[in-house]
Amino acid sequence: MPFVPHTPEEVREMLAVIGVDSVDDLFAEITESMRPQSFDIPEGLSEMEVLAKLEGMAAKNATDSASFLGAGFYDHYIPAAVDALTMRGEFYTAYTPYQPEASQGTLQAIFEYQTAICRLMDMDCANASVYDGGTAMYEATMMAVRKTKRRKVLISEALNPIYRVMLDSYITNLNLEVVCVPHKNGRTDIEGLKAAIDDKTAAVLVQNPNFFGSVNDFTELFNAAREKKAVSIISSYPVLQALLKTPGQMGADIAVAEGQSLGLPLSFGGPYLGIMTCTKKMVRQMPGRIVGRTEDTEGRTGYVLTLQAREQHIRRQKATSNICSNQSLCALRALVHMCALGEMGIRRAARLSIERAHLCAEKLTAIPGVEMLTDGPFGNEFAITLPVNAFEIISTLSERGFIPGFPLGRYYDDLDNGLLVACTEKTSEEQIGILAEMMRGALK
Amino acid sequence: MKTIFEQSVPGREGCWPCEGLSEETFIPKELLRNEEAGLPSAGELDVVRHFTKLSQRNFGVDGNFYPLGSCTMKYNPKFTEVVGAMPGFTRLHPVLPQLQGAGRLCQGALEVIYETEQLLCEITGMNAYTLHPMAGAHGELTGVMLMAAYHRDKGNKKTKVIVPDSAHGTNPASAAIAGFEVVSIESRDGIIAPEALREVLDDEVAGMMMTCPNTLGLFEKNLPEIVAMLREVDALLYYDGANLNAIMGKMRVGDVGFDIVHLNLHKTFATPHGGGGPGSGPVGVSERVTPYLPVSRVQKLEDGQFVLDYDHPKSIGYVAPFYGNFGVFLKAYSYILRLGKTGLARATENAVLSANYMRKRLEDAFEIPYNRTCMHEFVLSAVRQAEKGVRALDIAKALLDKGHHAPTIYFPLIVKECMMIEPTETENKATLDTFVDDLVAIADMVQSDPEVIQNAPVTLPVTRLDETKAARGMELTEDLANA
């Protein structure tokens with residue numbers, strides 16, 4: 001039987017030590033009335049058969065299409081070293097570092113992750129990560145609610161709609177008021193948000209670049225929030241953050257991000273990485289694991305989980321969150337990715353992604369009837385308006401192996417003709433040229 | 001060991017992902033950061049050597065026996081990594097099936113979701129599953145949200161959730177975060193007594209969260225009575241799947257009356273723990289709770305095509321950005337296919353056999369507070385050793401010196417100086433024997449030379465670490481510290 005090493009002889013020896021006749025005797029407390037009514041699972045397959053079956057299923061997925069999909073999740077190049085190092089069994093098959101002396105590898109890696117992420121976001125403290133960017137946004141919101149003891153949350157409609165729907169589900173039972181300030185043709189309505197901040201506002205939530213790809217400076221907005229003692233929360237895009245004005249420079253209290261773009265494959269939705277950082281003042285509200293540097297009894301440097309008084313295993317029902325792990329291996333991947341590319345490598349990936357997106361925007365808007373939806377600066381993603389329904393164009397082009405972008409009408413009622421187009425350093429000039437030609441043809 | 005930042009040399013080139021940049025920045029200067037971030041600049045070999053060395057400062061299942069109770073640190077078969085790395089899965093953008101006409105581009109992935117749900121339904125006897133929760137604690141939160149939605153929809157006024165003191169540690173926080181008041185009940189003789197439940201049960205109870213077998217490794221044999229009592233007040237019974245490895249093929253939680261269950265695929269179904277994630281915490285429900293499951297759900301059409309289905313007006317909404325940790329449950333799916341019906345039951349049988357064998361072999365050297373047939377794990381107490389000034393923590397550290405990861409210690413809270421040992425079915429008898437011999441030797445050493453144990457570990461890269469200094473010093477990054 002796979003993965004069970006005991007021989008029949010060993011089983012007999014073990015049963016003799018226990019003092020029972022059969023393995024079945026060990027299950028005597030599960031009486032007849034509690035036994036399975038059915039257990040209709042197919043019998044096991046060999047390793048070779050399982051791999052063949054799964055290869056067959058993988059082949060039903062068309063991964064050779066050229067894709068301009070982004071919408072918060074991007075196909076950046078992952079250096080080979082990321083897989084090679086993070087697949088080491090010592091990292092891969094360990095668990096939460098409960099015994100720090102036997103887990104210095106994981107702990108130091110998390111400390112280095114915290115350092116790299118804080119430098120990228122220009123913030124004081126980071127946790128060891130949470131599940132994904134949406135969860136990070138929800139947890140950040142709850143930090144603000146606890147800190148301010150207020151219950152009104154102000155969000156921009158230009159925030160990733162996935163974060164907004166996740167926030168809605170999580171707070172159903174928590175008696176919070178969410179006020180959503182509409183976007184303006186894809187721009188974050190900074191003046192509208194400023195006007196909506198009042199003495200009951202716990203937090204203001206924005207994103208940079210926003211869902212439409214538009215790049216902003218939220219310094220004034222965060223100043224306005226500070227005047228009303230509300231917490232400023234920003235979601236950023238880690239790869240572009242190597243270039244863009246930082247959450248720290250803008251004066252954010254909490255900065256979060258979906259970390260997928262740092263070395264994690266798209267993998268049909270996960271596992272991803274929820275990045276959370278904050279100012280030193282907010283750190284005791286932070287959920288999840290945090291690693292700190294210390295010394296051992298011989299004075300050698302070492303690392304431990306710290307500030308654990310916030311956590312569920314100490315605080316039980318009074319904890320800051322029920323989160324008791326992190327996406328440790330994903331955080332490790334993000335760290336190795338940042339190290340393998342280095343400062344200049346990440347900046348290059350960001351710059352080339354932006355350059356390709358601008359080339360793509362130029363070519364697409366040269367087609368009669370295609371216009372920029374959102375004006376102003378953008379990064380590696382931009383929103384355009386088509387003369388026809390975007391869903392139909394996507395359907396037509398995807399049949400020819402090109403997925404031209406994400407239909408904004410999926411989340412925004414009045415934007416059925418809106419298309420969100422993303423490029424990365426992997427998008428070639430040739431692909432952009434073909435996309436433009438196909439689009440021109442389809443719109444004739 | 002130096003950090004990667006301490007090894008960084010400005011100007012040293014890493015891996016360039018691309019060449020041929022133009023000089024134009026496209027974004028106005030006032031929207032750009034005013035200085036570089038300070039990420040490492042290191043050569044590829046520097047990076048490879050650094051992380052290889054770091055990995056060597058870690059225990060993992062691949063290198064060490066890891067009997068961490070309630071965490072099911074079983075062997076993670078290598079073939080599942082081959083599946084996890086198949087480009088046909090890793091390259092799939094998650095919004096694909098949400099695009100008109102593009103669902104056909106990801107039929108294989110949707111089939112994986114559908115088939116995994118079907119298998120989990122049959123293994124646990126539930127009506128339907130969502131694979132969206134991304135960890136066990138996330139499954140708990142989703143489960144309690146489902147409980148709230150069920151009662152809200154029925155117009156029930158429910159404010160409390162019961163959590164036994166022998167339940168999994170995250171349960172109280174999950175219930176509280178979903179907006180419930182947590183009511184604790186004490187176990188009696190190691191399990192839940194119907195009388196104790198009767199004392200706290202009233203119409204305001206939304207449900208009870210139960211770990212079975214519980215964290216003492218004991219089967220909750222009063223289960224049928226407990227189910228009946230909860231039904232009387234329309235309270236839902238929740239199964240924390242942390243310990244499912246003890247009952248596969250022997251009992252299905254759906255058959256015995258649980259309404260909501262979360263599983264830990266990284267425990268029972270052998271996906272790697274990854275140093276603390278990513279996990280996967282699917283939630284299964286009975287028929288009456290099914291309408292509230294998160295969206296989207298995968299539906300199989302009559303023509304065999306798979307589509308996403310959002311038409312569930314009573315759904316609690318979204319708990320994940322997409323469909324959960326696909327890359328994780330893909331491996332669990334492969335593992336279930338590999339083991340099959342007999343293999344799954346055999347895993348449970350041998351997990352329970354190994355735990356009982358170790359329990360018997362350790363019963364002379366240690367106090368075992370509930371020394372009767374256990375399931376897949378058991379709890380020792382170091383109270384006798386504590387009389388000599390050696391605590392469970394010290395014994396845990398001494399085990400590290402012998403090359404074993406320590407058991408879970410000081411949990412459950414109801415046993416003093418406790419050590420929770422879960423061997424799993426994948427460890428051979430020689431490994432179990434070595435661990436037992438080493439633990440008995442440590443117990444002997446406590447009598448003869450307790451200081452050696454109190455000073456352990458001495459063979460690892462560091463000795464015991466100063467946690468107070470860490471909390472006070474607040475050195476949380478290279479750049480932050482309390483002066």
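**Figure 1. Gln207(A) stands opposite Ser235(A) in S6(A).** The model is predicted: local features need pLDDT of at least 70, side-chain atom pairs count only at pLDDT 80 or more, and totals for chains, interfaces and linings use all residues. Residues are numbered from 1 along each chain as its sequence is written; chains are lettered from A and ligands numbered from 1 in the order in which they are written. Strand S5 (residues 201-208) of chain A runs parallel to S6(A), and 6 bridges join them; strands count as paired if DSSP finds at least two bridges between them. Helices (H or I, at least four residues) and strands (E, at least two) are DSSP runs, numbered from the N terminus. Strand S6 (residues 231-236) of chain A is mostly covered, with 6 of its 6 residues buried. A residue is buried if 20 or more other C-beta atoms lie within 10 Å of its own, exposed if 12 or fewer, and partly exposed in between, with C-beta atoms placed from the backbone. Val231(A), Ile233(A) and Ser235(A) point one way from S6(A), whereas Ser232(A), Ile234(A) and Ser236(A) point the other way.

**Figure 2. Val204(A) and Ile233(A) have the most contacts inside the largest nonpolar core.** This core has 317 residues; such a core is a set of buried Ala, Val, Leu, Ile, Met, Phe, Trp, Tyr and Cys residues joined through C-beta atoms within 7 Å. Helix H13 (residues 328-365) of chain A gives the most to this core, namely 20 residues. Residues up to four places away in sequence aside, Ile233(A) touches Ala140(A), Thr141(A), Ala144(A), Ala203(A), Val204(A), Leu205(A), Ala252(A), Asp253(A), Ile254(A) and Val256(A). Contact requires that the C-beta atoms of two residues, placed from the backbone, lie within 7 Å. In chain A, 63% of the 444 residues count as buried. Of the contacts in chain A between residues at least 6 apart in sequence, 73% join residues at least 24 apart.

**Figure 3. In the interface of the two chains, 166 residues of chain A are in contact with 175 residues of chain B.** H13(A) supplies the largest share of the side of chain A that touches chain B, with 21 residues. That side of chain A holds 83 nonpolar, 49 polar and 34 charged residues. Ala, Val, Leu, Ile, Met, Phe, Trp, Tyr, Cys and Pro count as nonpolar, Asp, Glu, Lys and Arg as charged, and the others, Gly among them, as polar.

**Figure 4. Thr90(B) lies in helix H3 (residues 87-90) of chain B.** Thr90(B) is partly exposed because 19 other C-beta atoms lie within 10 Å. Apart from neighbours within four places in sequence, Thr90(B) is in contact with Pro265(A), Ser267(A) and Ala85(B). The C-alpha atoms of Thr90(B) and Val415(B) are separated by 45 Å, and these residues are 325 residues apart along the chain.

**Figure 5. The end C-alpha atoms of helix H4 (residues 107-124) of chain B are 26 Å apart.** This distance agrees with the 26 Å that its 18 residues should span at 1.5 Å a residue; the expected span is 1.5 Å times one less than the number of residues. Among the buried residues of H4(B) are Leu110(B), Ile113(B), Glu117(B) and Leu120(B). H4(B) is followed by Gly125(B), whose phi is positive, near 70 degrees.

Figure 6. S11(A) and strand S12 (residues 381-385) of chain A are joined by 2 bridges, and Met372(A) stands opposite Ile384(A) in S12(A). S11(B) is joined to strand S12 (residues 418-421) of chain B by 2 bridges, with Thr408(B) opposite Met420(B) in S12(B).

**Figure 7. Chain B is divided into domain 1 (1-55), domain 2 (81-337) and domain 3 (351-467).** The bounds come from an automatic or database domain assignment. The C-alpha centres of domain 2 and domain 3 of chain B lie 32 Å apart. Their contact takes 14 residues from domain 2 of chain B and 15 residues from domain 3 of chain B. The side of domain 2 of chain B that touches domain 3 of chain B has 5 nonpolar, 8 polar and 1 charged residues.
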